[in-house]
Amino acid sequence: MRMSNLLLPTLREVPADAEITSHKLMLRAAMIRRLGSGIYSYLPLGLRVLQKVEKIIREEMNNADAQELLMPALLPAEAYQASGRWDVFGASMFKLKDRYDRDYCLGPTHEELFTQTVIDNVKSYKEYPMTLYQIQTKYRDEARPRFGVIRSREFVMKDAYSFDTSDEGLDESYKKMYDAYNRIFERLGLDFTVVDADSGAMGGSGSQEFMVKSPVGEDGIAYCDCCGYAANYEKAECVNAPKPSAEDGGDMEKIHTPNVHTIEELVSFLGAEPYNFAKTIIYKADDKYIAAMVRGDREINEVKLKNLVGCTDDLELAEPYMVRQLTNAEVGFAGPVGLDIPVYVDKEVETMKNFIIGANETDMHYKNVNIGKDFTPHTVADIRVIEEGDACPRCGKPIKTAQGIEVGHVFKLGTKYSEALGLTFQDEDGQSKVVTMGCYGIGVTRCLSAAVEQNNDENGIIWPVSIAPFEVIVIPVNAKNEEQTEAAEKIYNELKAKGIDALIDDRNERPGVKFKDADLIGIPVRIVVGKKIGEGIVEYKERTAPSSAEKTVGAAVDDVVKFVESRR
Ligand code: ATP
Ligand code: MG
């Protein structure tokens, strides 16, 4: 490709809503352009990267015996109504009507449609196991679209679904996808961690996420360097870490705590430690209200709590007027004693003695509170967020925490969709059984951002060779010098003939501009043709190397080929 022909509107400045490095760089390097909230176009360079990512995914999926097909994004409502997800998706689903007033959605994920396709087209149990996939555009009306194509409202997903006649079969299909995912993310040049994920809400029996560790990741992950345990926050089991009790003994006693609302204020007012308190938070769970309690220095994990409560919608903090109505007090004084809604208590609170709680009365708390004696929980379970330094649930050593970008997700669905939609088969004895399923997603467009987030420097993107828009760029220093331009053209053609994805910067620009652009768009190697071409010498520089090396034309070409081919 000739740079003079390329649509490459690189930018110096980026809009203020581009907060993170990958978003800024993908805009500056003219990979993507925003069309609306969470809606992006891919300019030629960005599309080349996207197509390379897709190619790698396709190769590995095909190698794992998955078959590609393509479904529409515009989907009739019926299958989603049958599975119940028409309502479950709520505001996240783009819903629309046709001219006959019939309901449709723009597909957020396709479990229902793949299940229906198998119902309609697979005639015998002998056709299983079967794994089908597509690389296709998905639509989710995200509450907070942000970070460019990391969380957008239209994005490309690779979604695969496996169909088996037994749980053992599902285990095997899952393993094949798991292995393929490891190869895919390695080939994409991502530094990733596989974590155990929560499968409670979807009703399956196992689930893992592929996470790219990054401070801008929206998922918390807990991992142990000693034993290899890794889980996301929703799944990570918390081990109790008992703290000394408040010294005071005796019976529960009401205390006056005027103008004290937060744990910090209470700590200084009472001269106690945050872990001497148990805080009570009131939530709305679908159309009911519940209370949850954790130690004062801990946070409630709302996904664990949601799964425990078994509600459909995400938990929401109760509205202040409801808190007042339920506790007969201003917000900030809720407690379990005398509260008329179910109280879910974190298991660590069970290790506490003589603790302090809100008294359901404005400006009042109770001290010397003990579970069993002073109140009875509805349920005691693990509902807190794991913290750095907590004991690893597997080996007991201190756990580490990090933020992660979820780039892939593998999930043993079991019979949730096959049962809801009626995907059964007759086994060899003529008995009717339900097919068991797995689903496997990769955020294809999100992978681009994750790769940039992990591979950049102050000059721009550093694409891994496997997904770089071009593998090498040839730069004649002086576009008006015929000897230089002719030699550059020759090198460019030779590289192309050797199967290398080459770009030539044939623009009449100053060398500084050319070098800056080459670095910004992240081309892994460059060959600079300058004055020394008279002696047959060019400059060879890998994007990550601190400086360039002089080489003969032949050696430079050979080195590009070696460098690129070993990294594809
Ligand atoms: P998240 O928790 O980030 O919202 P999810 O768990 O809802 O994602 P899945 O249903 O598991 O997503 O979808 C499969 C993959 O699609 C995810 O692992 C992620 O990489 C990608 N993905 C999901 N939502 C988006 C989005 N809004 N923009 C870009 N990629 C997305
Ligand atoms: Mg997921």
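Helices (H or I, at least four residues) and strands (E, at least two) are DSSP runs, numbered from the N terminus. The model described here is predicted, so local features need pLDDT of at least 70 and side-chain atom pairs count only at pLDDT 80 or more, while totals for chains, interfaces and linings use all residues. Residues are numbered from 1 along each chain as its sequence is written, chains are lettered from A and ligands numbered from 1 in the order in which they are written, and side-chain values use heavy atoms, with hydrogens and water left out.

The chain contains 14 helices and 31 strands. Its C-alpha trace spans about 95 × 70 × 50 Å along the principal axes. Of its 568 residues, 52% count as buried. Buried means under 20% relative accessible area, exposed means over 50%, and partly exposed lies in between (1.4 Å probe, protein chains only). Contact means heavy atoms within 4.5 Å. Among contacts between residues at least 6 apart in sequence, 68% join residues at least 24 apart.

The domain assignment, whose bounds come from an automatic or database source, gives three entries. Domain 1 is made of 16–67, 108–236 and 401–452. Domain 2 covers 253–381, and domain 3 covers 470–565. The centres of domain 2 and domain 3, taken over C-alpha atoms, are separated by 66 Å.

The magnesium ion (ligand 2) is coordinated by Glu406 through OE and by His409 through ND1. The distances are 2.3 to 2.4 Å. Donors are N, O and S atoms within 2.8 Å of the metal (3.2 Å for Na, K and Ca); water is not among the atoms, so sites may look incomplete. His409 is partly exposed, at a relative accessible area of 21%.

Two helix pairs were examined. Axes are lines fitted to C-alpha atoms, for helices over the stretch in contact, and angles run from 0 to 180 degrees between N-to-C directions. The axes of H2 (residues 44–63) and H6 (residues 167–187) come within 9 Å and cross at roughly 150 degrees. H2 is therefore roughly antiparallel to H6. Angles under 35 degrees count as roughly parallel, over 145 as roughly antiparallel, 65 to 115 as roughly perpendicular and the rest as oblique. H2 passes H6 in a right-handed crossing. A crossing is left-handed if the near helix is turned anticlockwise from the far one by less than a right angle, and right-handed if clockwise. On the H2 side, the contact involves Ile56, Ile57, Glu59, Glu60 and Met61. These meet Met177, Ala180, Tyr181, Arg183, Ile184 and Arg187 of H6.

In the second pair, the axes of H12 (residues 482–497) and H14 (residues 553–565) come within 11 Å and cross at roughly 35 degrees. This crossing is also right-handed. Ile491, Glu494 and Leu495 of H12 make the contact with Val553, Val557 and Val560 of H14.

Helix H1 (residues 21–28) has Ser22, His23, Leu25, Met26 and Leu27 buried. The buried residues of H1 pack against strands S1 (32–36), S2 (39–42), S25 (456–457) and S26 (460–461). They also pack against helices H11 (444–454) and H13 (511–520). Ala30 follows H1 and lies in the loop between H1 and S1. Its phi is positive, about 60 degrees, although Ala30 is not a glycine. Ala30 is buried, at 0% relative accessibility.

Asn328 likewise has a positive phi, about 55 degrees, without being a glycine. Asn328 sits in the loop between H9 (320–327) and S17 (343–346). Asn328 is exposed, with a relative accessible area of 66%. A cis peptide bond runs from Tyr128 to Pro129, with omega near 0 degrees. Pro129 is placed in the loop between H5 (111–121) and S7 (130–139).

Tyr40, in S2, is buried at a relative accessible area of 10%. Tyr40 and Gly148 are 108 residues apart in sequence and 7.8 Å apart in space, C-alpha to C-alpha. Beyond residues up to four places away in sequence, Tyr40 touches His23, Ile32, Arg33, Arg34, Leu35, Gly148 and Val149. Gln67, in S3 (residues 67–68), is partly exposed at 44% relative accessible area. Gln67 and Tyr161 are 94 residues apart in sequence and 10.0 Å apart in space, C-alpha to C-alpha. With the same exclusion of residues up to four places away, Gln67 touches Met130, Thr131, Leu132 and Tyr133.
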